[in-house]
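Let's take a friendly walk through this protein model, with an eye on its charged side chains. Have the structure open as you read.

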Amino acid sequence: MKKRFATKRSFLLCSLLVMALMLGACSTGNGTNAAPEASAGTNGASSAAKTKISYWTIDRHDMDYMQEQVDKYNATNTDNVEVEMKVMADNYNQAVEVAFASNQAPDIFRSGDFQTYVNKGYFAPLDTLLSKEFLAKFDGLLVEDVYTKDGHVYTLPNTGQFWRLLYNVDLLKKAGYTEPPKTLDEMVEIAKKVTEQGKAEGVYGFASNFKNGSGFTRPAFASGSLSSETSHEGFNYQTGEFDFGMYADIAKALHQMKTDGSMIPGAESLDIDPLRAQFAQGKIAMYVNHSSEPAVYTSQFPTEINWSSTLVPTKDGQINGVTWVNAGGYIGINAQSDKQAAAVKFLEYLYNTDLRTEYQEKGLGLSVLPYVNEAAGKPELKGIEGFLPTKYDGIYPATPISVTETKLEGKKASDVFIEYILTSNQDLDAAIKDLNTRYNKALAAARTEGLTNIQANPSFSAKSLQGSLGQ
């Protein structure tokens, strides 16, 4: 019986690997990937002597540009390295798992599930492979459980999502406002005034995509982390426990806009693309999202409206922390590869200043690396200037929220807050108290089972993150 089960499992793994490799092959530019044949020269090098490495990525938006860079590297590098890039389709993490299980994993690959990749030994420690001079480029950025673990560096930062309040300049001006809101009360007031003036024409002051939890987390994570010196994702780093009171103010503001009728009708079932379509048509005055939006309004929903972006409002306009920047790891090197030295050469190439500044200037992504932002010119993308890194953007250490929610009994925090915002059928203080109790019970269970080693850090201050990405 065991033998039969093992046979089935092996067949399944093989099948999944074949599927993953086929999907990857369909997505890669094999027609331009091969480096020119090297003729035997004075150094005796030939194409047969090249070290060939495989590079997997899930990024599709930049695949044409990155393929050009890979081709350029293959044609010009003096290290006798040839890279084959595969742009994987869906189920990337599953494809990586299968590849490692069958000893066919890539030599260098895009970071996905950091904790899994490190715990299972997929990533090699980069601090043993890269020079101290190279790693110095990332000083102050390598936060624990995002890029490092137990004193070792496993992946490096590159680009990030920067969160802002997007607003229709003309709608605010028509309502009598020449500046965007800095406080939550101002945001509520502006939304109400815009709606009063434009409701007859289908214009509303605010929107969020409450079809899923991000309808709350998009504005809440941005405003909450900017307001708090101690917390992110409801987790207080200083106490090592959850306290969702950090979101009380933004939840009340969203609730008030819903009560005032300032929220676009149907927000409870609204998804992000329909929201964008309405904003592009001039029907929404304000909403919160990240730095992908300029590209959206250039290609997906081209618009002629006069829009801009600004930091998300806080309760009193004071900034005690930084706006959370979603900036996971970029790439790592296979711990089992026998071509790590070649992979290191390619990794260093991917981080050269010219490549990274051109990448940003073309509007393919905003860098979190100060050495890139100091050298880069203005990106070639309308509206992107408002999303460029400021003093008040930062990368937070990891929180245990994901693993905690695997042990959670009852509703998740995002669902509880959305219910409060849209229905008014619960007391907010009582709801927050219940969330804190349930999440901390689940966190204790996760710690007991060894699922997280994130503990209290009494010296943590989000103010120390100010200025880490920009000025």
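## Salt bridges

A salt bridge here is a side-chain nitrogen of Lys or Arg within 4 Å of a carboxyl oxygen of Asp or Glu. By that rule, this predicted model has 15 salt bridges. Asp273, Arg276 and Glu293 are joined in a network of them.

## Three pairs to look at

Start with Glu97 and Lys120, whose side chains form a salt bridge with an N to O distance of 3.0 Å. Glu97 sits in helix α4 (residues 92-101), while Lys120 is in the loop between α5 (114-119) and α6 (132-135), so the pair links distant parts of the chain, 23 residues apart. Glu97 is partly exposed at 26% relative accessibility, and Lys120 is partly exposed at 48%.

Next come Lys258 and Glu268, with their closest N and O atoms 3.9 Å apart in a salt bridge. Lys258 has a relative accessible area of 29%; Glu268 has 43%.

## The whole chain

The chain contains 18 helices and 17 strands, and 52% of its 471 residues are buried.

## Confidence

Mean pLDDT is 90, and 90% of the residues reach 70 or more. Residues 1-14 stay under 50, with 2 contacts beyond four places in sequence. Residues 16-46 are also below 50, and this stretch has 49 contacts beyond near neighbours in sequence.

Notes. Residues are numbered from 1 along each chain as its sequence is written. This is a predicted model: local features need pLDDT of at least 70, side-chain atom pairs count only at pLDDT 80 or more; totals for chains, interfaces and linings use all residues. Side-chain values use heavy atoms; hydrogens and water are left out. Helices (H or I, at least four residues) and strands (E, at least two) are DSSP runs, numbered from the N terminus. Buried means under 20% relative accessible area, exposed over 50%, partly exposed in between (1.4 Å probe, protein chains only). pLDDT is the predictor's confidence in each residue, from 0 to 100. Contact means heavy atoms within 4.5 Å.
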